Amino acid sequence: MIWQLGLPLEHLEKLPKERQDEIIERLKHSAEQSAIVDCAVQMKLADCYYKRANYGKSADLLKTIPEDSLSHESFRQLALSYQKQGDLDSYIYWATQLVVRYPMDGEIVAGLTLALAQKNQPEKGLTYGLNYSLKDRNNILVNRAIADAFFLKRDFTAASIWYEQLMEQGDSTFNTIYSAGMCFAQNQDLNRAYKYLQLAIIKSGMQHFGCAYRLGIVCNDLHSYDEGLGYLDLALEIQKPDTAVMKAITLSQGEAYYLTKQYDKAVEAWKRHLEYNPSSIATYYNIASAYYYFLDDNQQSKAYLERFLQVARKEENPTPQLKDMIEKSEKLLRTTNFGLKAKPKRK
């Protein structure tokens, strides 16, 4: 079929993208029109989709090909297409079929071992990983999957042995070091927990909340209280939310609650906004107005009007709108007896 297009299959990737697209569409059309599709062409078309991250179409093509006709690479693309789409059940099915035919495909064995553990079948996953390790003890991907599977199984003793073996093999990833520390912490081997958690927090650039928190606990358990408090303070600092994001969220929440007449919730949101943006002049005014007109709380209204004026009067170049707000607030404070509850209500 491909030769009808005047192009050898293996040269497709060397063409400009526009020409590739044209040929792929013609291949697709020919495949749809043909009752018997040439497997090599279908696998090539699936390969094009896979390399363009269109994993759905790649899998749809490959799963219709008889398994004994799939090349090793196409079989891998079929399994990995489901993994990349987050379809763990389909990935497990196809990875299992692949491993039967290619038992030393370390990447797939590792993925299958971990996927089964994540689906609460760690024993089954470990069967694949440990069988592989009998023939190849040095595959870091498989060994890491075995360690993680033991961790998910909560067999922290076995997991720690595999994590330490990984580090001896040269695996210096954060996850391996941190997981080793967590295993020793779970087993109350505090000195080794401290050793690996300290390495892990440095590896993270002092930016991993869970590691800083757990290290603080371990230090306290070792009676190194000053150091423990330092790591716990670091954990709190890491956990602080992004100020710019929280400003935007709390302001929008306040506006939405106000517009839907949920005035008490609007005030709560605006108060949270002031925690992140204490110089927000309009927010003080909005809270004061909500208390005065809708929530029947004169004392809070007065307090926020006064806070509004303190902030607003510091503005060097007030807008006409701000000048009007200042004037209204000053008049309200002069003419209103805030000890009385009765006041006009906005409709």
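Biologist: How many of the 13 residues of H2 are buried?

Modeller: Ten of the 13 are buried, so H2 is largely enclosed by the rest of the structure. Buried means under 20% relative accessible area, exposed over 50%, and partly exposed in between, with a 1.4 Å probe and protein chains only. Please note that this is a predicted model: local features need pLDDT of at least 70, side-chain atom pairs count only at pLDDT 80 or more, and totals for chains, interfaces and linings use all residues. Residues are numbered from 1 along each chain as its sequence is written, and side-chain values use heavy atoms, with hydrogens and water left out.

Biologist: Which residues in H2 are buried?

Modeller: Val41, Gln42, Met43, Lys44, Leu45, Ala46, Asp47, Cys48, Tyr49 and Tyr50.

Biologist: What does H2 reach from its first C-alpha to its last?

Modeller: H2 covers residues 39–51 and reaches 18 Å, close to the 18 Å expected at 1.5 Å a residue. The expected span is 1.5 Å times one less than the number of residues in the helix. H2 is followed by Ala53, which has a positive phi near 65°.

Biologist: What does Ser58 touch?

Modeller: Ser58 is found in helix H3, residues 55–62. Not counting residues up to four places away in sequence, Ser58 touches Ala46, Tyr49, Tyr50 and Ser81, where contact means heavy atoms within 4.5 Å. Ala46, Tyr49 and Tyr50 are among the buried residues in H2. Ser58 itself counts as buried, at 0% relative accessibility. Its C-alpha atom is separated by 9.5 Å from that of Gln42, 16 residues apart along the chain.

Biologist: And Ser301, is it buried or exposed?

Modeller: Ser301 is buried, with a relative accessible area of 0%. The residue lies in helix H17, residues 298–312. Leaving aside neighbours within four places in sequence, Ser301 is in contact with Ala288, Tyr291, Tyr292 and Phe338.

Biologist: Changing topic: at what angle do the axes of H12 and H13 cross?

Modeller: The axes of H12 (residues 209–221) and H13 (residues 225–239) cross at roughly 160° and come within 7 Å. Axes are lines fitted to C-alpha atoms, for helices over the stretch in contact, and angles run from 0 to 180 degrees between N-to-C directions. H12 and H13 are therefore roughly antiparallel to each other, the term for angles over 145 degrees.

Biologist: Which residues in H12 meet H13, and how do the residues of the contact divide?

Modeller: From H12, Phe209, Ala212, Tyr213, Leu215, Gly216, Ile217, Cys219 and Asn220 meet residues in H13 including Tyr225, Leu229, Leu232 and Ile238. The residues of this contact divide into 13 nonpolar, four polar and one charged. Ala, Val, Leu, Ile, Met, Phe, Trp, Tyr, Cys and Pro count as nonpolar, Asp, Glu, Lys and Arg as charged, and the others, Gly among them, as polar.

Biologist: Where does Arg154 lie?

Modeller: Arg154 lies in the loop between helix H8 (140–152) and helix H9 (156–168). Its phi is near 65°, a positive value in a residue other than glycine, and Arg154 is exposed, with a relative accessible area of 58%.

Biologist: What about the phi of Gln188?

Modeller: Gln188 has a positive phi of about 60° although it is not a glycine. Gln188 is in the loop between helix H10 (174–186) and helix H11 (190–203), and is exposed at a relative accessible area of 55%.

Biologist: Finally, what does the secondary structure of the chain come to?

Modeller: The chain has 18 helices and zero strands. Helices (H or I, at least four residues) and strands (E, at least two) are DSSP runs, numbered from the N terminus. Buried residues make up 41% of the 347 residues in the chain.

Key:
Angles under 35 degrees count as roughly parallel, over 145 as roughly antiparallel, 65 to 115 as roughly perpendicular and the rest as oblique.
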